Structure formats: C-alpha cells, structure tokens
Amino acid sequence: MRNSKTRTMVLCALMMALVAVLTAVASVPLGIIPGAYVHPGDSLIFVAGYLLGPLCGAAVGGLGSALADMTLQAYLYVIPTLLVKALMGYLVGLAFRKNGLYGHWGRALALMLAAGLCMVAGYGVYEGFAFGWGLAITSLPFNLLQAGLSIVLGAAVIAMLEKVPWVNSLRASRAQRPR
C-alpha cells in the first residue's frame, strides 16, 4: 500500500479485530461480578497506540474492546469499555507520538502505567456505581493485574517492533504528516 492514510486505516481496523479476538479468546471470567473478566488484549492497545498514534489507539482500544464485550455477552460493560479503553489507547498514542521506547524506557513505561491506571480507575468507578463499592474494591486487584500484565506484554512487543525496519518507516511517515 502506497497511500499512507489507507495503510493507517487498514492497520487500525486490523488492530481492532486483533484486540477483539485476543480479548474474547483469552479472557478469564472473574465470577465475582457478572460479565467481568481479565485478558491480555490491552497489550495490543498499547501496541496500536505506539504504531498508529492517539486517534487510532483510541479507536482500537474503544471499539475493539467493546466488540469483545459484545462477543462475550458482557453487555453491561460495552459502553464503559468503549470509553475507558478509548481513553487508554489515546493516552498511549500521545505517549509514543514523538518518541519510541528505546532511550525513553522510564517515560514510556510511566505513561503506559498512567494509561493502565486510568483503566483501573474507570472500571472502579463504573463498578462502584453499577454493582456497589464492595464489589468494585474486590475487582480492583484483578484490574491492576490486567493493567500490569498488559504493560509488560505491550512493552515487550513494542521493544521487538522497534527493531523492525518497516515499523520504523511507518512511524517516521506518520511523524512527518502535518497534524
């Protein structure tokens, strides 16, 4: 694909599908809250933000994760997931907008942690109002675990991707486009 916008849209749609599939296939139900589960799909939201920037990161996070909720029949979570994961993808995309991971490990991981904590806080507030604060507090360690594992997995994948010349040219072409 020669057209940069077309390539970005195709990669964004592909990443949405990957987030939805990985989340749906590798999810582990919590059992303490109806429809709640943990999964590694958030790691791909970090990768999408890194590769494609804040807007695609938001689309991948929000739409891909909400689609997984619909697939898993976790309908109570579709709207909160759409909002929380979109914010997460947007923040990660902003974090990686100008810099890659190498040479900026501390900053990149801190921003990934901030995005993960936004996810934990967002679900905590939603679950508190929807199911009661006792259940929200009970699910807190699982949300923290999901955020932590997703940061580790996402950072590992991003570190590998930074060594791929095609990825570097994709990021360079995105950085040169006017905003």
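The model is predicted.

Let's start with helix α1, residues 4-25. Its partner here is α2. The two axes come within 7 Å of each other. They cross at roughly 45°. That makes the pair oblique, because angles between 35 and 65 degrees are neither roughly parallel nor roughly perpendicular. The crossing of α1 over α2 is right-handed. What classes of residue make up the contact of α1 with α2? There are 20 nonpolar and five polar residues, and no charged ones.

Now stay with α2, and turn to α3. Helix α2 covers residues 42-71, and α3 covers 78-95. Their axes are 7 Å apart. The packing angle is about 170°. An angle over 145 counts as roughly antiparallel, so α2 is roughly antiparallel to α3. The contact of α2 with α3 divides into 16 nonpolar, nine polar and three charged residues.

Next, α2 against α5. Helix α5 is residues 133-161. The axes of α2 and α5 come within 7 Å. They cross at roughly 40°. These two helices are therefore oblique to each other. Here α2 passes α5 in a right-handed crossing. Which residues of α2 make this contact? They are D42, S43, F46, V47, Y50 and L51. From α5 come Q146, S150, I151, L153, G154, V157, I158 and L161. Sorted by class, the contact of α2 with α5 has nine nonpolar, four polar and one charged residues.

About 160 Å³ of space lies in the largest cavity. Its lining has 15 residues. Closest to its centre are Y37, H39, Y77, T81 and Y123.

Which helices each supply at least two residues of that lining? They are α2, α3, α4 and α5. Helix α4, for orientation, is residues 105-131. By class, the lining of the largest cavity has five nonpolar, seven polar and three charged residues.

To recap. Helix α2 is oblique to α5, and α1 is oblique to α2 because of the angle between their axes. Helix α2 is also roughly antiparallel to α3.

Key:
Residues numbered from 1 in each chain as written. Predicted model: local features only at pLDDT ≥ 70, side-chain atom pairs only at ≥ 80, totals over all residues. Heavy atoms only, no water. Axes fitted to C-alpha atoms, helices over the stretch in contact; angles between N-to-C directions. Helix = DSSP H or I, 4+ residues; strand = E, 2+ residues; numbered from the N terminus. Parallel < 35°, antiparallel > 145°, perpendicular 65-115°, else oblique. Left-handed = near helix turned anticlockwise from the far one by under 90°. Contact = heavy atoms within 4.5 Å. Nonpolar A, V, L, I, M, F, W, Y, C, P; charged D, E, K, R; others polar. 1 Å grid on protein atoms, 1.4 Å probe; cavity = no way out; pocket = protein on both sides within 12 Å on 5 of 7 lines; lining within 4 Å. Points joined across faces, edges and corners; volume = space filled by probe spheres on them.
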